[in-house]
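Colleague: I would like a close look at a single part of this model, followed by a description of its surroundings. Please keep to what can be read from the coordinates.

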Amino acid sequence: MVLPLVITLVVLLFAWPAGRTAPRHVPVGIVGTGAASQHAVEGLVREKPGAFDFHLYPDQQDARAAIENRDVYGALAISAHDITVLTAPAAGTSVAQLLREVGQQLADRAAQQGAAGPQSSAKIHVTALDVVPVATEDPRGVVFSSAVFPLTICAILIGAFVSTARGLRRPWHRLLTLLLACAAAGLGAYLVAQGFLGALPHDHLATWAVLSLVLISISATAAGLVRLLGHGGLGLSAALMVFVGNPFSGAGSAPELLPKGVDYVGQWLPPGAGASLLRDTAYFDGNGGSGHLAVLALWSVCGFTAVMFGRRITGRAPGGALTSGASLSSLPTSGAASPGRRHTHAHAHARRNDDDGRLRTLHAGR
C-alpha cells in the first residue's frame, strides 16, 4: 500500500504545478500615463485580478532598462493607434507569449469599443519587440528548461559517490573530490548546452561557474545528509531535490506562473534558485541574481559543514552504524564475558600446519 501512495504523490508533485500555471503577480511595465494606458490597466485589473503587478515608466527607454535589470518581465507601450509589446523571452518564453496575447487582446477590445476616437473603424496595430531574446538555436528555451532535471540527478549521484566511496576516508578528501567532480560535470554540461546546442551564448565563464555551483549545492546537501543520517539521507535528499525542487523550480515557465506558495518553495531550493540564476547570468549580466546566489551558497555551506563534521555531531558512520568511540562506551564492564573478550580469546589460539597439511589448534593455557 505504501508504494502506490508514494507514486501518487510523485505524480501529483509533478503534474499539479504544470496543470495550474497562470499569471500571478507577474511584474509588467506600463509606458506612459495617458488615457489609453490607464484604460488598458483598468481593464486588465478587472478581467484578471492579481495576474499582474504594474510598474509605470515615462518612456520605452526606461522600460527597456527595467527589463534588462530584471525588474519586470516586459512592458506595454499603449497609445491611441498602436500598442508596442516589449518582451524578454530569455526570462521565460511562456511569459513573453502571454504578454503578446495580452497586447493583442487590448488592441481587439479597444477597436471594438471605438477607443481610436473618430477613426473607430481603424485597426490598432500591435508590435512585439524582443528586448532580451533567447539564443537563435533554442528559440523556445527547451534546452534551458530541460537541463534542470538531469543536473539535479547528476548532483545526487555525485553526492552519493562522495559520501560512500571507501577510498575517501578523510572529510576533506570527500570535499575536494566533490568540488572537482562538480566543476568537471558543470563544464561538461556547458559544453553540451552551448558548444553543441548553442543555448547559452553569453558570459561563458560565469555560466560555467553557475552550472558548477548548482551541482555543488545539491551534491553537498546529499553528501551531508548521508553523513548525518546514514543511507536514509540519500533518499531524503533525492525526495527533496528531485520530487519537490525540480517540479517547483519554474524552469519551464516562470515562478510567477506557478500556484501560490509553490513559487516561494521552489526558489528556496537549489533547482529553482539555480535555474533563475542561470537565466540571470546567461542573458542579463547577472542582474537580479543576488538572492538566488545567496540561496545556493547557503545550501552549499550547510552541505560542506555536514560533510566535514557530520560524523562527529551524530556519532554515526555513513552507513548508520555507531562509530568506534560510541561502541566502546557501550560495552559491558563486568559480569559475563563480553563479545569483545570472546573475540580476544578466539585470537589467542595459535595455528600451525603440520607436514600432512592438516591444521592443528593449540589452545593457550594448556
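Which residues does Ser-253 touch, not counting residues up to four places away in sequence?

Modeller: This is a predicted model. Ser-253 touches Ala-91, Gly-92, Ser-94, Leu-258 and Arg-279, once residues up to four places away in sequence are set aside. Ser-253 itself is found in a loop, the one between helix H9 (232–245) and helix H10 (262–267). Its relative accessibility is 11%, and because buried means under 20% relative accessible area, Ser-253 counts as buried.

Thr-281 has its place in helix H11, which spans residues 270–283. With 8% relative accessibility, Thr-281 counts as buried. Leaving aside neighbours within four places in sequence, Thr-281 is in contact with Asp-203, Ala-206, Thr-207, Val-210 and Gly-286. Val-295 lies in helix H12, residues 290–314. Val-295 is buried too, at 7% relative accessibility. Under the condition that neighbours within four places in sequence are left out, its contacts are Gln-267, Trp-268, Leu-269 and Ala-273. Val-295 and Gly-274 are 21 residues apart in sequence, and their C-alpha atoms are 8.7 Å apart in space.

Next, the sheet. It is an open sheet of 5 strands in the order S2-S1-S3-S4-S5, and the pairing is mixed. Strand S2 (52–57) and strand S5 (125–130) are the edge strands, each of which pairs on one side only. From one strand to the next, the twist averages 25°. Helix H2 (residues 35–47) packs on this sheet, where it touches strand S1 (26–31), S2 and S3. The direction of H2 makes about 130° with that of S3. Helix H3, residues 60–68, lies across S1, S2, S3, S4 and S5 and runs at about 25° to S4.

Both kinds of pairing can be followed at S4. On one side, strand S3 (residues 74–78) and strand S4 (residues 82–87) run antiparallel and are joined by 5 bridges. A hairpin of 3 residues connects S3 to S4. Within this pair, Ala-75 stands opposite Leu-86 in S4, and Ile-78 has Ile-83 of S4 as its bridge partner. With S5, by contrast, S4 runs parallel, and 6 bridges join the two. Here Thr-87 stands opposite Asp-130 in S5. Of the 6 residues of S4, 5 are buried, so the strand is largely enclosed by the rest of the structure.

Note on methods: Residues are numbered from 1 along each chain as its sequence is written. This is a predicted model: local features need pLDDT of at least 70, side-chain atom pairs count only at pLDDT 80 or more; totals for chains, interfaces and linings use all residues. Side-chain values use heavy atoms; hydrogens and water are left out. Two strands pair if DSSP finds at least two bridges between them. Helices (H or I, at least four residues) and strands (E, at least two) are DSSP runs, numbered from the N terminus. Axes are lines fitted to C-alpha atoms, for helices over the stretch in contact, and angles run from 0 to 180 degrees between N-to-C directions. Contact means heavy atoms within 4.5 Å. Buried means under 20% relative accessible area, exposed over 50%, partly exposed in between (1.4 Å probe, protein chains only).
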